[in-house]
Amino acid sequence: MMIGYTPLRNDTIFAKALDLRDSTINPVPFRSVFAKPKSTVVRTLEVVSMLAPRKFMQRRKKIEVFRDAADEAEQRKWRRMMKEIEEVGSAVSVLSTKNQALPRDLVLGTLVRFKQLKKWSLVSEILEWLQTQPWWDFSEMDFLMLVTAYGKQGDFNKAERVFGDMHKKGYSPSVISHTALMEAYGKGKQYNKAESVFRRMLSSGPEPSALTYQLILKIFVEGNKFKEAEETFETLLDDEKSPLKPDQKMFHMMIYMYRKAGNYEKARKIFGLMRERGVPQSTVTYNSLMSFETNYKEVSKTYDQMQRAGLRPDVVSYALLINAYGKARREEEALAVFEEMLDAGVRPTHKAYNILLDAFAISGMVDQARTVFKSMRRDRCTPDICSYTTMLSAYVNASDMEGAEKFFRRLKQDGFEPNVVTYGTLIKGYAKISNLEKMMEKYEEMQVHGIKANQAIYTAIMDAYGKNKDFGSAVFWFKEMGFCGVPPDRKATNILLSLAKTEAEKEEANLLVGYSSKYSNGQMDNGSFKCADEDDDEDNSNDDDEVE
């Protein structure tokens, strides 16, 4: 039964899924469907009606309004130029063909548009070119935009150069230029240099702005300088010492920091402090807390709190809840949340679709996974390599290796290059059914393509040999990990110990993993190993850092 989760409009979804069209029959309540054990009937009929098209997802022709014919011609000309720049990948090669001074409005409009699109490489390219043009008066504002562009790209060498040029030109020290230089160091992983700029601003000016504090907290967290982040934030909380009050983004960054450090208690404390100090809590705030949790009940509880606070879930909120249900093998709930997201008019992202796809793939529900996969194309979320690999895992988890091989061929026919996760999925599948010949065939194919195996692959091969009573080969693959620069992790060592049956094998395993036979003889809980739980799929991890 679902806990803490209150759907908006889902009573009819599963009535439709169960084909309850007779008006004399009351629709099945949302919760009652999930209170019952999963049945074959529900799963079979669900495929027919799940993820029905929504009107808001359909393409709509944009209606444009222009002042007059001249304005329309000018706008269309500018758009053609912008499209050409994006296609060529270079702004200067397009702009320089004009061989004349360009209208100031055109240049500024182009810069502003690329700035809005966060295409900072094109912004810096245009500004560098303008510096060489005699018809353009390169002003202080241009310098500030250029150093900002370098800061966004993490190009601290060029940011330093522009910063120096501004000093030579006699421009006064600016909080914008200092913050941009600090950001450049941060994005370039020069965390100590970024901190030096910040400390210099504190001691001799210019006085840091709210954006400066937001960025330095982010830099401290990315550089694992948690103590410095805490000290800076504590200063901001001190009304007597602080030049400004911490804002919502700063609180979000601190919640994210404690998530990164694994300190849920302190994250909750920061969450409560926001209320005490009157700092508005947003959907992003609750998303940050939801990303902490691994238990679907706790994620659902936080989601429920967000709704009671009068906040509307966004695509990240839904994705986090879908992911929690999927990992808990509660695919019906995951589907219901996705349907609710569509009903709420929230457009799903690639990641949201991949998470739902994974929810069905984990349980080997091929038909449902295929429906999700097809819906992606319909809704203009073209499947990526992660989508294909996740769909492949659905066949593998259903022990349908013939279907997996067919889909693997389709993956390549559709122009995708299999990666280590793709090959690992097939290797895991053959290991699961003890087809060692095909398992090694895929491993060798992966090697031929220059793809280096990871821990999950080595562990799966080792486990497969061990379970087929070939402890010697299992030992070989355990050693192979170290030889190939992939040291065995705790899971691999636990599996090797569990594979050892005879006294001689146990002694050899103990020596390999660094334990004495006295210590580890039956005293270590080896747990269980399931390759299906390996999280190699980078797109299925929740990396939506809610800090912006």
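View 1. Tyr 458 is buried, with a relative accessible area of 2%, where buried means under 20% relative accessible area, found with a 1.4 Å probe on protein chains only. Trp 477, at 8% relative accessibility, also counts as buried. This is a predicted model, in which local features need pLDDT of at least 70 and side-chain atom pairs count only at pLDDT 80 or more, whereas totals for chains, interfaces and linings use all residues. Residues are numbered from 1 along each chain as its sequence is written, and side-chain values use heavy atoms, with hydrogens and water left out.

**View 2. An edge-to-face pair, Phe 373 and Phe 407.** The whole structure holds 22 aromatic pairs, a pair being two rings of Phe, Tyr or Trp (its six-membered ring) with centres within 6.5 Å, called stacked if the planes are under 30 degrees apart, edge-to-face if over 60 and tilted otherwise. The ring centres of Phe 373 and Phe 407 lie 5.6 Å apart with the planes at 80°, so this pair is edge-to-face. It links distant parts of the chain, 34 residues apart, with Phe 373 in helix α21 (residues 366–378) and Phe 407 in helix α23 (residues 401–413); helices are DSSP runs of H or I with at least four residues, numbered from the N terminus. Both Phe 373 and Phe 407 are buried, and together with Tyr 388, Tyr 395 and Phe 416 they form one aromatic cluster.

**View 3. Leu 130 in the largest nonpolar core.** This core has 151 residues, and Leu 130 is one of those that touch the most other members, a group that also includes Met 391 and Tyr 443. A nonpolar core is a set of buried Ala, Val, Leu, Ile, Met, Phe, Trp, Tyr and Cys residues joined through side-chain atoms within 4.5 Å. Helix α18 (residues 315–327) gives the most to the core, with 9 residues. Not counting residues up to four places away in sequence, Leu 130 touches Val 107, Leu 111, Trp 135, Trp 136 and Phe 138, contact meaning heavy atoms within 4.5 Å.

**View 4. The lining of the largest pocket.** The largest pocket is lined by 32 residues, and among those nearest its centre are Trp 120, Lys 152 and Glu 183. A pocket is an open set of points on a 1 Å grid over the protein atoms alone, where a 1.4 Å probe fits, with protein on both sides within 12 Å along at least five of seven lines, and lining residues have an atom within 4 Å of a point. Helix α10 provides the largest share of the lining, 7 residues.

How values were computed. Buried means under 20% relative accessible area, exposed over 50%, partly exposed in between (1.4 Å probe, protein chains only). Helices (H or I, at least four residues) and strands (E, at least two) are DSSP runs, numbered from the N terminus.
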